[in-house]
Amino acid sequence: MEPKKQQGAMVVAKVSTPQQLQNPIEQLQTRFKELENGFRLWLSKQSLPVEAAVVTATSAAQGAAIGAFMGTLTNDASSPFPPSDASLNPQAMASLKQAQALSGGPLVQARNFAVMTGVNAGISCVLKRLRGKEDVQSSMAAAFGSGAMFSLVSGMGGPNQAANAVTSGLFFALVQGGLFQLGQKFSQPPAEDTHYAKTRHMLYNLGLQSYEKNFKRGLLTDNTLPLLTDSALSDVKIPPGPRLLILDHIQRDPDLRGKRVSRK
C-alpha cells in the first residue's frame with residue numbers, strides 16, 4: 001500500500017506542477033487589470049460629485065508620490081536662503097518662493113504635484129461627464145485650473161497672486177492644448193487609400209495581404225484589376241503562386257470578369 005500511495009502523490013504533484021509554474025508576474029498583471037476594470041465600472045455608476053471626488057483624490061495621491069520621489073532627487077532650496085522677514089523686498093521674496101516651489105524637498109514637491117494632478121483630473125472628470133466627450137477644450141480648461149492652483153499653493157504668485165495665477169493657468173493650458181493636439185495627430189490611424197479598397201479586400205480574402213505594397217509600388221489600383229496579367233504581376237515582384245491565385249480570383253469574380261470582357 002505504501003508504494004501505491006507514493007505513486008498517487010507523485011501523479012498529483014505532476015498534475016499540479018503546470019499551474020504552479022505559471023508566471024506570477026502575469027497572474028499579478030491579470031489580477032490588477034480585473035481590479036482596475038471593476039473599479040472603473042463601479043465609478044461609472046456613481047454620481048458626478050462622488051466620481052469627481054474619487055478621481056481627484058486618487059490622482060492627487062499619485063501626483064504626491066511622484067512629487068515626493070522627485071523631491072528626493074533635488075536639494076531643498078529653502079536652506080540656502082534666509083528666512084522671510086521685513087528686510088527682504090517683495091521682488092526678492094517672490095524669487096525666493098519660486099526657487100522653493102521649483103526645488104523644494106519631498107514634502108513641497110509632493111504637495112505641488114498633488115495639487116496639479118488632482119485639480120487637473122477632477123476638472124477633466126466633471127467636464128467629461130457634463131459634455132459627454134474629452135476634447136482639446138476640456139483638456140485646456142483642466143490645465144488652466146491646475147496651473148492656477150499650482151501657482152497659488154506653491155507660492156509662486158509673488159505680490160500679485162491673482163494675476164500670476166491667471167498667467168500660470170494660461171501657460172499650462174497652452175502647453176496642454178499643444179500636447180493634446182500633437183497626441184491626437186499621431187494617435188489617429190492613417191487615412192485609408194480609396195484607390196486600393198477592392199485590391200486590399202481581394203488580397204485579404206486570399207491571405208496575400210503582404211503583397212499590398214507591391215500593388216501600390218506598381219500603381220496597380222482598383223481600376224487595373226480587370227486588366228491584370230501574369231506579366232504585370234511579375235513586374236511588381238509577386239511570386240508565381242500568389243500570381244495564380246490573384247488571376248484565378250479575378251477570373252471567378254463576376255464583376256471583374258465582366259469588366260475584363262467588355263474592355264476586350
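What is the mean pLDDT of the chain, and what share of its residues reach 70 or more? This is a predicted model, so that is the place to start, because where pLDDT is low, the predicted coordinates should not be read in detail. The chain has a mean pLDDT of 78. Of its residues, 73% reach 70 or more.

Helix α10, residues 230–235, has the highest mean, at 93. Helix α1, residues 2–20, has the lowest, at 48. Over residues 9–21 the pLDDT stays under 50. For that stretch the model has one contact beyond four places in sequence. Residues 76–86 also have a pLDDT below 50. Here the model shows 13 contacts beyond near neighbours in sequence.

Now turn to the interior. In soluble globular proteins, nonpolar side chains tend to be buried together. In this model the largest nonpolar core has 15 residues. Met-202, Phe-215, Leu-228, Leu-233, Ile-238 and Ile-246 have the most contacts inside this core. Two elements, α8 (197–206) and α11 (240–252), each give two or more residues to this core. Helix α11 gives the most, with three. Leaving aside residues up to four places away in sequence, Ile-246 touches Met-202, Leu-203, Leu-206, Leu-208, Phe-215, Leu-228, Leu-233 and Ile-238. Another core, of five residues, lies apart from the largest one. Among its members are Leu-43, Ala-52, Ala-121 and Cys-125.

Helices α3 (48–73) and α5 (106–131) are the elements that give two or more residues to the lining. The largest share, five residues, comes from α5. By type, the lining has three nonpolar, five polar and two charged residues.

Last, look at the backbone in two loops. Most residues other than glycine have a negative phi. Leu-219 has a positive phi of about 55 degrees, although it is not a glycine. Leu-219 lies in the loop between α9 (212–217) and α10. Is Leu-219 buried or exposed? Leu-219 counts as exposed, because its relative accessibility is 61% and the cut-off for exposed is over 50%. Lys-237, also not a glycine, has a positive phi of about 65 degrees. The loop between α10 and α11 holds Lys-237. Lys-237 is exposed too, with a relative accessible area of 67%.

Methods: Residues are numbered from 1 along each chain as its sequence is written. This is a predicted model: local features need pLDDT of at least 70, side-chain atom pairs count only at pLDDT 80 or more; totals for chains, interfaces and linings use all residues. Side-chain values use heavy atoms; hydrogens and water are left out. Helices (H or I, at least four residues) and strands (E, at least two) are DSSP runs, numbered from the N terminus. Ala, Val, Leu, Ile, Met, Phe, Trp, Tyr, Cys and Pro count as nonpolar, Asp, Glu, Lys and Arg as charged, and the others, Gly among them, as polar. pLDDT is the predictor's confidence in each residue, from 0 to 100. Contact means heavy atoms within 4.5 Å. A nonpolar core is a set of buried Ala, Val, Leu, Ile, Met, Phe, Trp, Tyr and Cys residues joined through side-chain atoms within 4.5 Å. Buried means under 20% relative accessible area, exposed over 50%, partly exposed in between (1.4 Å probe, protein chains only).
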